Each structure stands twice: as C-alpha cells, then as structure tokens.
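Please open the structure in your viewer and keep the sequence panel beside it. This tour goes from one selection to the next and says what is there.

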Amino acid sequence: MPTKEIIQHIGTLLDLAGVVAIAVGVAIATVVFAVRWWRTRQVVDHYREYRQGVGRAILLGLELLVAGDIIRTVAVSPTFTSVGVLALIVLVRTFLSVSLQVELDGRWPWQGKLPVGGSGVGSRPER
C-alpha cells in the first residue's frame, strides 16, 4: 500500500474520530442533562452545564477534524489551492474554537485564570 494511501486513510480516520467525538459527547451531555432534570425538574439549574458539555464535545471534534484536514492536505496533495482552502478551514475552525472556549470559560484564552468571584469576559479589575 503506497504511503499516500496510508496517509489518506489516517486523515479519514481522524475525520471519523472527530465526528464520533462530537456525536458521543453531545449524546453523553444530553443523557446527563436529562438525568439531572429528571431528579430536580429544574431546566435552568442544569442548562449551563449542558451547554458546556456540548461545547467541550464540539471543541474536541473540531481539533480532530482540523488534524485530519492538515494531514491530508499537507501530506497528500500540497498544491497552492489545497493549502489555501486548508488555511480558510483552519481559520474558521479556530474562530469557532476560540468562541466556544470563551463561552465555556467566560474569559479570553489569553487571560489568566479568574480570581474567585471574577466576572469573566469584558470584566475590568476592581480599583
């Protein structure tokens, strides 16, 4: 089996792993949410945790999908056009990842950890 075919299969497996990570993560987050709701009958109390679980699943899946794209584009068909398309895909997925990370953590990725009682994105230090 030629090297390019092996690399193509690895990229495809990473894509599959990304899709599975998203699907399984969303399913697990949904089951956990449903169980918590069933116990308390309170949607509002568990909604944020549910969104965070779904966001984490999407982030993991996006990372795997980007890895698959990089492997296939750089190793299999490194043309100027394919690298340009890859750059756009990575740019969009990076934007999505940063947006999801801000949503999950409540702060920009380059900010340090919040002190106890910190208020998150856009907050200013107390004076």
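The stops below start with the whole chain and then move to single residues and pairs.

**The whole chain**

Begin with a cartoon view, and keep in mind that this is a predicted model. The chain has three helices and zero strands, and its elements run α-α-α from the N terminus on. Helix H1 covers residues 3–40, helix H2 covers residues 43–76, and helix H3 covers residues 80–105.

Now switch to a surface view. The chain exposes about 9000 Å², and 68% of that is supplied by carbon and sulfur atoms. Of the 127 residues in the chain, 26% are buried. Among the contacts with a separation of 6 or more, 64% are between residues 24 or more positions apart.

**A nonpolar patch**

Select Leu 13, Leu 16, Val 20, Val 24, Ile 28 and Val 32. Together these residues form a nonpolar patch on the surface, with about 520 Å² of accessible area. Take Val 32 as one of its members. Val 32 is located in helix H1, and its relative accessibility of 34% is why it counts as partly exposed.

For one of them, select Phe 33 and Tyr 50, which form a tilted pair with 4.9 Å from centre to centre and 35° between the planes. Phe 33 belongs to helix H1 and Tyr 50 to helix H2, so this pair ties together parts that are 17 residues apart in sequence.

Is Phe 33 buried or exposed? Its relative accessibility is 17%, so Phe 33 counts as buried. The cut-off for buried is under 20%. Tyr 50, at 23%, counts as partly exposed.

**Salt bridges**

Next, show the charged side chains. Side chains of opposite charge can pair when their charged atoms come close. The structure holds four salt bridges, and three of these stops show examples.

Asp 15 is in helix H1 and Arg 72 is in helix H2, so the pair ties together parts that are 57 residues apart in sequence. Both residues, Asp 15 and Arg 72, are buried.

Move on to Asp 69 and Arg 93. Here too there is a salt bridge, with the closest N and O atoms 2.7 Å apart. This pair links distant parts of the chain, with Asp 69 in helix H2 and Arg 93 in helix H3, 24 residues apart. Asp 69 and Arg 93 are both buried.

Keep both pairs selected. Asp 15, Asp 69, Arg 72 and Arg 93 are linked in a network of salt bridges.

Then select Glu 49 and Arg 36, whose side chains meet in a salt bridge at 2.5 Å, N to O. Glu 49 lies in helix H2 and Arg 36 in helix H1, so this pair ties together parts that are 13 residues apart in sequence. Glu 49 is partly exposed, with a relative accessible area of 40%. Arg 36 is also partly exposed, with a relative accessible area of 32%.

For the last stop, where is Arg 41? Arg 41 sits in the loop between H1 and H2. With a relative accessible area of 43%, Arg 41 is partly exposed.

Arg 41 lies over the face of Trp 37, at 4.8 Å from the ring centre. Arg 41 also lies over the face of Trp 38, at 4.1 Å from the ring centre.

Finally, look at the backbone of Arg 41. Its phi is near 60°, a positive value in a residue other than glycine. Most residues other than glycine have a negative phi.

Key:
Residues are numbered from 1 along each chain as its sequence is written. This is a predicted model: local features need pLDDT of at least 70, side-chain atom pairs count only at pLDDT 80 or more; totals for chains, interfaces and linings use all residues. Side-chain values use heavy atoms; hydrogens and water are left out. Patches are made of residues with over 30% relative accessible area and no salt bridge: like charges are joined within 9 Å, nonpolar side chains (Val, Leu, Ile, Met, Phe, Trp, Tyr) within 5 Å. Accessible areas come from the Shrake-Rupley method with a 1.4 Å probe; for residues, only the protein chains shown count as cover. Helices (H or I, at least four residues) and strands (E, at least two) are DSSP runs, numbered from the N terminus. Buried means under 20% relative accessible area, exposed over 50%, partly exposed in between (1.4 Å probe, protein chains only). Rings of Phe, Tyr and Trp (its six-membered ring) pair if their centres lie within 6.5 Å; planes under 30 degrees apart count as stacked, over 60 as edge-to-face and the rest as tilted. A charge sits over a ring if NZ of Lys or CZ of Arg is within 6 Å of the ring centre and within 35 degrees of the ring normal. Contact means heavy atoms within 4.5 Å.
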